[in-house]
Protein chains: 2
Amino acid sequence: MPQAPADPQRPDHAADPGRGGLTDAEVASLDAHWRAANYLSAGQIYLLSNPLLTVPLEPEHIKPRLLGHWGTTPGLNLIHTHLNRVITARDLDAICVWGPGHGGPAVLANSWLEGSYSEVYPDVSRDAEGMGRLFRQFSFPGGVPSHVAPETPGSIHEGGELGYSLAHAYGAALDNPDLLVACVIGDGEAETGPLAASWHANKFLDPIHDGAVLPVLHLNGYKIANPSVLARLPEEELDRLLRGYGHEPLYVSGGDPGRVHRALAAALDRALDHIATAQRVARAEGVLDRPHWPLIVLRTPKGWTGPAEVDGLAVEGTWRAHQVPLSGVRDNPEHLRQLEGWLRSYRPEELFDAQGRPLPQVLEYVPRGARRLGANPHTNGGLLTRSLSLPPLEHYAVPVERPGTALHEPTRVLGRLLAQIMADTAERRNFRLAGPDETASNRLDAVYEATGKAWQERTLPTDEHLAHDGRVMEVLSEHLCQGWLEGYTLTGRHGLFSCYEAFVHIVDSMVNQHIKWLKTSRALTWRRPVPSLNYLLTSHVWRQDHNGFSHQDPGFVDHVLNKSPEVVRVFLPPDANTLLCVADHVLRSRDQVNVIVAGKQPSFDWLGLDEARAHCARGAGVWTWAGTETGERPPDVVLGCAGDVPTQEVLAAADLLRRHLPELAVRVVNVVDMTRLLPKEEHPHGMSDAEYDALFTADRPVAFAYHGYPWLIHRLTYRRTGHDQLHVRGYKETGTTTTPFDMVVSNDLDRYRLVMDVIDRVPGLGVRAVPVRQAMADARTRHRAWIREHGTDLPEVTDWTWSGK
Amino acid sequence: MPQAPADPQRPDHAADPGRGGLTDAEVASLDAHWRAANYLSAGQIYLLSNPLLTVPLEPEHIKPRLLGHWGTTPGLNLIHTHLNRVITARDLDAICVWGPGHGGPAVLANSWLEGSYSEVYPDVSRDAEGMGRLFRQFSFPGGVPSHVAPETPGSIHEGGELGYSLAHAYGAALDNPDLLVACVIGDGEAETGPLAASWHANKFLDPIHDGAVLPVLHLNGYKIANPSVLARLPEEELDRLLRGYGHEPLYVSGGDPGRVHRALAAALDRALDHIATAQRVARAEGVLDRPHWPLIVLRTPKGWTGPAEVDGLAVEGTWRAHQVPLSGVRDNPEHLRQLEGWLRSYRPEELFDAQGRPLPQVLEYVPRGARRLGANPHTNGGLLTRSLSLPPLEHYAVPVERPGTALHEPTRVLGRLLAQIMADTAERRNFRLAGPDETASNRLDAVYEATGKAWQERTLPTDEHLAHDGRVMEVLSEHLCQGWLEGYTLTGRHGLFSCYEAFVHIVDSMVNQHIKWLKTSRALTWRRPVPSLNYLLTSHVWRQDHNGFSHQDPGFVDHVLNKSPEVVRVFLPPDANTLLCVADHVLRSRDQVNVIVAGKQPSFDWLGLDEARAHCARGAGVWTWAGTETGERPPDVVLGCAGDVPTQEVLAAADLLRRHLPELAVRVVNVVDMTRLLPKEEHPHGMSDAEYDALFTADRPVAFAYHGYPWLIHRLTYRRTGHDQLHVRGYKETGTTTTPFDMVVSNDLDRYRLVMDVIDRVPGLGVRAVPVRQAMADARTRHRAWIREHGTDLPEVTDWTWSGK
């Protein structure tokens with residue numbers, strides 16, 4: 001009998017069974033379910049046919065490529081089996097986040113056993129034929145992934161990239177007071193940074209308005225090829241760590257199935273009693289102390305019940321069980337014999353009838369209907385999504401009498417809209433704002449009028465806006481903000497993540513995985529659309545003049561635009577009213593990742609609300625009032641812009657051109673929706689060539705001022721006819737602690753440089769342009785001298801307002 | 001007197017003074033240094049002139065823009081002051097990583113006080129004139145950043161992006177047995193994922209061969225605008241947490257400077273005694289149990305000694321002290337008065353002589369020479385760098401009799417080279433390999449013949465290759481791997497990070513910061529070049545056919561190529577020998593971030609070692625043996641390729657073209673160094689247009705098969721004359737669990753599709769190409785049918801070898 005990994009020399013030990021002690025019959029039923037799940041899991045990894053082993057196993061029954069992860073699977077099957085029991089016994093509304101997502105076979109096996117799989121995929125029926133399909137499709141071309149994935153019923157969590165299970169679990173539990181979210185955390189994932197940060201998510205979980213999270217730290221001792229840190233900690237050190245995280249740990253450990261069944265059942269009962277008490281104390285008695293939520297540490301052997309040894313080397317209970325324990329089954333008769341023995345050790349004839357249907361004992365504890373883990377509607381969040389009722393933008397828009405004369409802080413204007421949404425969702429509680437301690441810094445603090453910042457720790461008299469039931473999530477971890485919102489939106493609620501632009505790269509990889517999830521789930525008709533994940537990137541590259549180079553990075557847009565076009569959208573609203581329109585749009589959208597980049601510093605208003613609406617609906621358009629076209633002939637030059645600071649510089653450049661070269665026909669084009677620049681064949685928002693040429697012309701010089709890395713514009717437009725005439729200015733990784741205008745000068749994005757670009761590119765300007773060009777160069781020189789002397793920007797820049805129509 | 005943040009109602013308490021109790025005179029000297037540092041810090045934030053307050057403060061003495069972070073600064077000054085004492089008293093070789101890097105004024109002030117600043121920047125002399133420059137330059141255009149940065153003497157850590165201090169500290173301590181690395185961790189940083197994961201780095205620190213890390217958790221109670229999680233934990237919970245991390249915590253808490261000086265001195269003495277004992281027990285007595293390393297928890301008020309109240313609101317001891325406590329100094333006489341009172345409260349006349357030089361009492365504990373924290377050579381690692389002595393590649397190269405016939409696993413070949421480097425550095429210990437539990441999976445396991453995997457936990461008989469003194473770092477945290485190697489290379493040693501390609505995005509933001517660090521430090525003549533940070537990205541997008549969509553992402557190359565061209569290099573060696581040449585190159589390089597993408601699966605050898613060397617030296621070149629040019633006329637078409645799988649498909653396409661359209665003059669161009677594609681004006685490795693045209697022609701169709709997102713090639717080449725003729729195939733975010741060849745077919749990168757691309761683009765092929773094109777389309781159809789049936793690739797694909805010259 002294999003032993004638990006960390007204590008091979010000690011007898012099995014477990015939480016005191018206490019209440020919840022099982023009868024032998026109950027253990028037998030649980031064990032039957034577990035064996036069935038293990039059988040079905042191993043079958044998925046190995047069997048191409050002969051699923052019920054009705055004939056002796058032959059090489060042709062074996063898959064040509066053996067793929068999958070056995071090691072974690074029996075433990076996941078055990079947990080699923082026991083969750084079934086408590087869900088049924090307590091009529092729990094529960095879901096489970098399976099952190100060791102490589103254990104896909106386990107979750108698939110359980111879903112098939114409980115029938116939820118066949119409901120979603122009727123061809124994989126709950127009989128021998130369906131079992132055969134279940135086995136064959138696993139990790140097979142045209143089949144299903146080896147990880148828990150969008151294709152897996154009951155899942156909101158892809159297990160391919162480790163680190164996010166616990167954050168997802170907390171995100172799902174927020175504002176779902178009746179929900180229990182179990183979360184299995186494996187040895188490997190527990191070493192990641194995002195998971196390590198997520199332990200403290202319990203400081204943000206309100207026992208009254210939120211549901212409960214029950215972490216199950218499943219230590220089988222190993223990751224891919226190494227022992228794991230937590231599994232090898234001395235027991236008392238692990239215990240201190242988990243208590244330090246604010247949990248009350250319950251330990252279940254062993255390699256004897258009967259004892260582990262009893263111990264795990266007892267631990268689950270204790271944990272659920274503990275949770276019920278904590279919630280009752282908070283909800284009925286109003287006690288607001290943060291509970292020490294329970295946590296289960298489950299130590300069972302890696303690859304438990306699989307081959308103990310293969311080719312003379314220990315496999316069960318070691319890292320060698322991680323993937324496919326017997327790898328040579330098709331060619332090695334001994335391996336084939338071992339596999340058959342292994343599969344038959346589960347006694348499939350006691351688990352399935354002759355038609356391959358699970359026998360009643362196997363299904364004794366399987367919950368019914370929507371209580372099944374594979375059928376809980378929270379895991380198909382679109383089923384539960386209720387649209388936000390968004391207030392009229394008229395209440396928040398800023399009046400614009402003349403463009404480019406009044407200043408507003410766009411994010412502060414947005415903050416008032418968000419405050420109203422917070423107020424309007426006070427009852428339904430289906431909207432959250434998250435940010436790494438930057439909500440106020442990003443000037444969205446109006447939301448505190450409607451709700452507080454979630455906080456379950458003690459408070460001091462000087463604290464402001466902290467609240468047990470607050471729906472603003474502030475923690476200095478972008479990973480946690482992202483993970484919470486992923487879990488929250490995938491379970492059907494709405495959210496916005498406000499983040500410093502440079503540091504959103506911290507979650508690049510999480511965003512990748514979320515986009516992949518959405519791309520895949522969009523193609524599954526049974527998955528209903530969920531609210532989009534929305535980013536407000538502010539404190540952006542051009543206004544990090546005080547924080548300097550480390551805070552300057554506009555590349556998240558590039559990162560996101562590499563991803564599936566059906567999912568990603570990028571918006572660069574140039575002013576406050578366009579920001580409102582874009583925010584309104586993204587909060588109504590579904591199944592997307594929307595990135596909004598907008599400044600928090602005072603910046604010019606360009607468009608009134610009606611104009612802003614029309615402009616945002618088009619995504620890109622000519623600002624006729626800003627140009628000097630007469631309509632009689634094509635423009636001599638196009639000034640393109642995307643982003644608030646580039647728009648300001650382009651408008652200032654247009655101003656200079658109108659004054660200094662009044663006969664030049666200048667067109668100003670502003671782009672809000674970056675994907676409009678793409679060909680329509682490549683993105684649903686893309687423009688046709690005719691549309692593009694109508695904006696930018698096919699043959700005129702275009703001087704484009706872009707918020708981010710300039711080559712992104714080339715990457716989006718290289719197929720356009722006029723691309724050879726396109727010259728882009730943007731951020732070129734030059735920055736330091738300096739003034740706002742010096743930032744644009746340093747990166748050649750300033751108004752003077754843009755005018756010089758125009759003069760250098762428009763043919764036939766002749767001598768009349770020479771002094772203008774010199775004046776621009778002089779202004780740049782003047783800037784440099786002034787800033788060295790005064791440390792501030794030129795008055796002619798800081799005092800500038802739009803002087804045109 | 002303000003109190004420590006977390007326990008405002010309790011008296012100051014501290015670790016038992018015990019040995020190290022200070023005399024009143026000693027306290028007075030420490031306090032003088034601390035006050036001087038505080039004065040110099042506040043001066044940097046506020047003063048444009050009048051640095052010694054020789055005349056009453058007037059608005060014109062105040063900077064026009066008030067920028068900086070005061071909140072953390074007095075605590076950092078306190079720690080620096082006390083580190084000076086113990087360094088001097090014990091003649092310690094010590095450095096400090098300042099996690100709250102926003103507290104730049106503190107580190108600058110201390111460097112100026114100890115004289116290291118003026119040695120590096122002689123114009124900022126240690127007198128009144130230099131003090132004036134120190135003040136003016138801070139956060140001033142043309143001056144120095146407000147964070148600790150490369151410009152700061154004694155730093156290896158930019159504090160702009162939080163999360164990496166502790167990993168950097170451990171990286172610096174590895175293989176530096178005589179070094180003490182103090183590491184200050186702030187409230188905010190402690191909430192991040194990377195920092196949370198880094199606590200467990202002590203499980204990888206060998207007390208014999210590595211130095212010590214002394215974390216100082218500096219809890220001033222708040223981050224930007226919120227209390228912090230750790231500061232508000234109940235004391236016993238925090239204590240359990242820190243002990244659970246494997247530390248022995250020592251607490252120092254209070255707001256009375258005299259008491260805190262004594263308590264901190266005592267705690268530091270206890271901690272250093274503890275470290276010395278642990279190292280002696282391990283080194284002299286051979287005891288290999290992991291020590292419970294000490295850790296100091298320092299609770300002092302945020303913004304300590306600054307204004308207690310401003311405009312009726314509490315500032316000192318609250319989050320309001322985070323940045324600039326008095327913001328209206330130039331316009332508000334009351335603020336100006338308060339500032340003057342604040343500055344004079346440090347009694348500058350007791351700290352500096354009339355010439356602005358620090359008085360002897362202030363400098364009593366300042367260490368001498370290289371012992372000063374601002375002058376320790378470990379923080380300017382290039383001073384200590386010793387080049388690796390790399391073995392001849394001939395010993396590791398694979399023989400290539402005919403290209404495209406034999407197969408090797410490139411990373412396995414590289415592993416043997418790395419093993420030799422490990423063996424050759426066994427004494428000097430200046431090379432480490434890091435990977436998130438993937439060294440063996442990535443087939444580099446030959447290194448275990450030369451060294452083990454670092455591991456200080458207990459081992460079991462079944463474990464393999466674990467060793468207390470191992471130099472392979474395996475932890476399932478990309479953040480930790482990255483942070484360790486940053487700290488290791490910045491202190492002058494060499495390293496390689498092997499990572500799954502998709503998951504290296506986890507460290508996107510860390511890589512950003514490291515590239516920014518290197519870009520800045522390259523421009524500082526006093527910073528000597530350090531070894532590059534080298535990535536081996538393997539288990540790449542094309543061979544994640546078993547793990548599926550979540551493991552498929554080639555975008556790290558795009559991410560890195562957005563950054564400073566002088567720092568970044570990207571290599572895609574097409575086979576084993578080119579991988580050896582590239583690895584040899586990057587391990588010799590300095591001050592770069594080198595990304596190598598190479599497969600681990602068996603793939604064809606194309607070039608012998610001599611050819612590989614020549615090809616890699618050029619970075620891109622014509623493979624004449626693979627084409628059908630006669631040299632008499634330009635080619636009809638160019639097949640470009642970059643990456644191992646695309647190269648294989650292009651060679652197979654060339655093979656098909658030679659057989660089916662023998663009269664077509666085909667050129668094959670392989671690109672190893674991606675930056676060669678850039679214009680020479682944009683990257684030091686960039687090609688001139690003439691060079692580019694000589695490879696790709698200016699007017700012939702180019703069908704390019706690229707490893708990653710296809711638009712990257714357009715972004716690199718859009719300025720080239722022949723760009724209109726360039727058609728690129730690559731990964732387009734289409735993937736699942738399937739076969740290797742099905743992956744390339746799904747993304748239209750397969751040999752058949754490439755031949756069709758050629759036929760579609762070469763003019764004048766006429767009817768002779770029609771049946772060839774049809775045959776290619778048929779082959780793709782045949783593939784799809786075969787894979788559905790068999791789950792494997794077409795034999796004609798799996799059996800293919802190069803049949804040309």
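What covers the buried residues of α12(A)? The cover includes β9 (407-408), β10 (431-435), β15 (533-538), α16 (576-588) and β18 (603-604) of chain A. Helices (H or I, at least four residues) and strands (E, at least two) are here DSSP runs, numbered from the N terminus.

This is a predicted model, in which local features need pLDDT of at least 70 and side-chain atom pairs count only at pLDDT 80 or more, while totals for chains, interfaces and linings use all residues. Residues are numbered from 1 along each chain as its sequence is written, and chains are lettered from A and ligands numbered from 1 in the order in which they are written.

**Helix α12 of chain A**

Helix α12 of chain A runs over residues 410-424, and its 15 residues reach 22 Å from the first C-alpha to the last, close to the 21 Å expected at 1.5 Å a residue; the expected span is 1.5 Å times one less than the number of residues. Its buried residues are A:Pro410, A:Thr411, A:Val413, A:Leu414, A:Gly415, A:Leu417, A:Leu418, A:Ala419, A:Ile421 and A:Met422. A residue is called buried if 20 or more other C-beta atoms lie within 10 Å of its own, exposed if 12 or fewer, and partly exposed in between, with C-beta atoms placed from the backbone. An α-helix has 3.6 residues a turn, so residues three or four places apart point the same way.

The table sets out the packing of two pairs, where axes are lines fitted to C-alpha atoms, for helices over the stretch in contact, and angles run from 0 to 180 degrees between N-to-C directions.

| Pair | Angle | Axis distance |
|---|---|---|
| α12(A) and α16(A) | about 40° | 8 Å |
| α6(A) and α13(A) | roughly 50° | within 6 Å |

Angles under 35 degrees count as roughly parallel, over 145 as roughly antiparallel, 65 to 115 as roughly perpendicular and the rest as oblique. The helices α12(A) and α16(A) are therefore oblique to each other, and α6(A) and α13(A) are therefore oblique to each other as well. A crossing is left-handed if the near helix is turned anticlockwise from the far one by less than a right angle, and right-handed if clockwise; α12(A) passes α16(A) in a right-handed crossing.

In that pair, A:Pro410, A:Val413, A:Leu414 and A:Leu417 of α12(A) meet A:Ala576, A:Leu579, A:Leu580 and A:Ala583 of α16(A), two residues being in contact if their C-beta atoms, placed from the backbone, lie within 7 Å. The residues of this contact divide into 8 nonpolar, no polar and no charged. Ala, Val, Leu, Ile, Met, Phe, Trp, Tyr, Cys and Pro count as nonpolar, Asp, Glu, Lys and Arg as charged, and the others, Gly among them, as polar.

The crossing of α6(A) (residues 165-173) past α13(A) is right-handed too. Here A:Ala167, A:His168, A:Ala169, A:Tyr170, A:Gly171 and A:Ala172 in α6(A) meet residues of α13(A) that include A:His479, A:Trp484 and A:Glu486.

**Where the chains touch**

Between the two chains, 95 residues of chain B are in contact with 95 residues of chain A. Several helices of chain B each supply at least two residues of the side that touches chain A, among them α9 (235-244), α15 (508-522) and α24 (770-790). The helix that gives the most to this side is α15(B), with 6 residues. The residues of the side of chain B that touches chain A divide into 28 nonpolar, 40 polar and 27 charged.

**Single residues**

In chain B, B:Val107 has its place in helix α3 (residues 104-114), and it is buried because 30 other C-beta atoms lie within 10 Å. Leaving aside neighbours within four places in sequence, B:Val107 is in contact with B:Leu76, B:Trp98, B:Val148, B:Thr152 and B:Ser155.

Most residues other than glycine have a negative phi, and most peptide bonds are trans. A:Asp437, however, has a positive phi near 65°; this residue lies in the loop between β10 and β11 (453-454) of chain A and counts as buried, because it has 24 C-beta neighbours inside 10 Å. B:Arg429 also has a positive phi, of about 50°, and is found in the loop between α13 (410-424) and β10 (431-435) of chain B. With 18 C-beta neighbours inside 10 Å, B:Arg429 counts as partly exposed.

A:Pro763 lies in the loop between α22 (751-761) and α23 (769-790) of chain A, and with 7 C-beta neighbours inside 10 Å this proline counts as exposed. A:Pro763 and A:Asp636 are 127 residues apart in sequence, and their C-alpha atoms are 8.8 Å apart in space.
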